[in-house]
Amino acid sequence: MSPQVLIRNVLVYGEGAPTDVLLGDEQILALGTDLEASPDAEVIDGAGRILLPGFVDLHTHLREPGREDTETIDTGSAAAALGGYTAVFAMANTDPVADSVVVTDHVWRRGQEVGLVDVHPVGAVTVGLAGTQLAEMGTMAAGVGRVRMFSDDGHCVHDPLIMRRALEYSSSLGVLIAQHAEEPRLTAGAVAHEGPTAARLGLAGWPRAAEESIVARDALLARDAGARVHICHASTAGTVELVRWAKAQGIPITAEVTPHHLMLDDSRLETYDGVNRVNPPLRERSDVEALRRGLAEGVLDCVATDHAPHAEQDKCCEFSQARPGMLGLETALSIVVETMVRPGLLDWRGVAKVMSERPAEIVGLDDQGRPLEVGEPANVVLVDPDAEWTVRGPELASVAHNTPYEAMTLPGKVVATVLRGRITALDGAVRPGTGSGVR
Ligand SMILES: NC(=O)N[C@@H](CC(=O)O)C(=O)O
Ligand SMILES: [Zn+2]
Ligand SMILES: [Zn+2]
């Protein structure tokens, strides 16, 4: 049992009058004024701060096993806790690939040993992410790690017949397929968004249609299979319109957007700095605006970081040789505040929805993204909406430093993160877990 945590005078969802919130082992014990806690309780001053359900990231790369020189489950969990997350989904493009229950169970167990955040393994859709043979999804779903989301992320399941079979199989298993939408025949050699900037800089272009054609195709495949499909890292205005259309048809499609696609556009490429290379590529300002509107309207369901650590030698090189991907866990909230809250596109209820409630619903996590009410799980994040901080790559908890926000001053700070009643991060420092044991 961990000691109780009493948060005083906090604004729950940023609304109403300041309230005390008492968190016990596992559950929210009480909400009210002048609450009494046990003598050993840890008291946190909530004045001027906002309480939200702990964030859930459907898309993160923790690089273990295989590239522990860039991130581990340990360091990635620390980054997640500092970013306000209480659950993350670790993508399958590790080495070895998470296409077997041995790997997916390792990821879950290691996350529980570290104890800072629930690390849910994502299983590969196809063996070795090769796109030709379905992985044993059923075995992974039945393992200790209970895999509930499958994705070949990093690669697109581009063969329509394999994708169709994966969707059919997934609906009978009750799991979710998440698609990295990229028609590979349209992106051979591509390193940047196909448009005037890439043309001027002499960079090979990645057309919007490479993403949109797969989004449209998969919506139709999901319709026919009666299966749910989730679109990873939506990056174009056209994807927003296609998802809007598919939802209007009653197709069970959901989509995420990354903080970097909400914030940055391809004008960043002028410096040829490899830190800005990412898949899908940074698009144009009109796409950024459409993604923000799509998220505000609920066409795009949630924010997912696509946290993608890379070693210095893989980033500080010629742009076309740089590995795609950028860090995201510790900066996600601030980018959402900057791009959505400050412009008035989302209120704090909306932040809870897109960073916690919807992602938990999409994967069917019943202990996350829950209402802040008595008896609900004590998974919460305390946010200071007025604080500002300056991003410094080397100060982040990740092993790698590839943040695109280096030296930027951003609004909104995570003050504390609580997982099942235990403080995992407080005032910018993690509280190493005692390990919650293996489920
Ligand atoms: N987003 C990226 O640019 N890179 C990701 C893979 C992916 O999300 O497609 C990675 O694993 O590095
Ligand atoms: Zn991807
Ligand atoms: Zn990814």
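Select the zinc ion (ligand 2) in this predicted model. Its protein donors are Asp153 through OD, His180 through ND1 and His233 through NE2, at 1.9 to 2.1 Å. Along the chain these donors follow the spacing D-x26-H-x52-H. Asp153 sits in the loop between strand S9 (149-150) and helix H4 (160-173), and His233 in the loop between strand S13 (229-231) and helix H7 (237-248), so this pair ties together parts that are 80 residues apart in sequence. Colour by accessibility and both Asp153 and His233 come up as buried.

Which residue bridges the two zinc ions? Asp153 does, and the ions lie 3.8 Å apart. The zinc ion (ligand 3) is coordinated by His59 (NE2), His61 (NE2), Asp153 (OD) and Asp306 (OD), at 2.0 to 2.3 Å. The sequence spacing for this site is H-x1-H-x91-D-x152-D. Here Asp153, from the loop between S9 and H4, is paired with Asp306, from the loop between S15 and H10, so the two tie together parts that are 153 residues apart in sequence.

Centre the view on Asp306. Its loop runs between strand S15 (302-303) and helix H10 (312-315). An unreviewed UniProt entry annotates Asp306 as "active site". Is the residue buried or exposed? At 6% relative accessibility, Asp306 counts as buried, because the cut-off for that class is under 20%. Show its contacts: leaving out residues up to four places away in sequence, Asp306 touches His59, His61, Asp153, His233, Thr258, His260, Asn279 and Met326.

Draw the distance between the side chains of His260 and Thr258 to find a polar contact of 3.2 Å. With residues up to four places away in sequence left out, His260 touches Val278, Leu282, Thr305, Asp306, Met326 and Tyr405.

Continue past H8 into the loop between H8 and helix H9 (285-297), which holds Pro280. The peptide bond between Asn279 and Pro280 is cis, with omega about -20°. Tyr272 is not a glycine, yet has a positive phi of about 60°; its relative accessible area of 37% makes the residue partly exposed. Why stop at such places? Most residues other than glycine have a negative phi, and most peptide bonds are trans.

Select Asp95 and Pro96: the peptide bond from Asp95 to Pro96 is cis, with omega near 5°. Pro96 belongs to the loop between strand S7 (85-90) and helix H2 (101-114). Then select Ala407, in the loop between strand S16 (380-390) and strand S17 (409-419). Ala407 has a positive phi of about 70° although it is not a glycine, and is partly exposed, with a relative accessible area of 46%.

Next, select helix H12, residues 348-363. Its 16 residues reach 22 Å from the first C-alpha to the last, close to the 22 Å expected at 1.5 Å a residue. Where is the kink in H12 centred? The kink is centred on Val354, and the angle is about 40°. Val354 is one of the buried residues of the helix, among them also Trp348, Met355, Pro359 and Ile362. At the start of H12, look for a side-chain oxygen of Asp347, which reaches to within 3.3 Å of the backbone nitrogen of Arg349. Just after the helix, Gly364 takes a positive phi of about 70°.

Finish by colouring residues 48-236, where an unreviewed UniProt entry places the feature "domain: Dihydroorotase catalytic". Over this range the chain is 36% helix and 17% strand, and the end C-alpha atoms are 36 Å apart.

Technical notes:
Residues are numbered from 1 along each chain as its sequence is written. Chains are lettered from A and ligands numbered from 1 in the order in which they are written. Side-chain values use heavy atoms; hydrogens and water are left out. Donors are N, O and S atoms within 2.8 Å of the metal (3.2 Å for Na, K and Ca); water is not among the atoms, so sites may look incomplete. Helices (H or I, at least four residues) and strands (E, at least two) are DSSP runs, numbered from the N terminus. Buried means under 20% relative accessible area, exposed over 50%, partly exposed in between (1.4 Å probe, protein chains only). A polar contact is a pair of N or O atoms within 3.5 Å; within protein, one must be able to donate a hydrogen and the other to accept it, and residues adjacent in sequence count only if both atoms are side-chain atoms. Contact means heavy atoms within 4.5 Å. UniProt positions are given in the numbering used here, feature names are shortened, and annotations may be inferred rather than shown by experiment. The expected span of a helix is 1.5 Å times one less than its number of residues. The bend at a residue is the angle between axes fitted to the seven residues ending there and the seven starting there.
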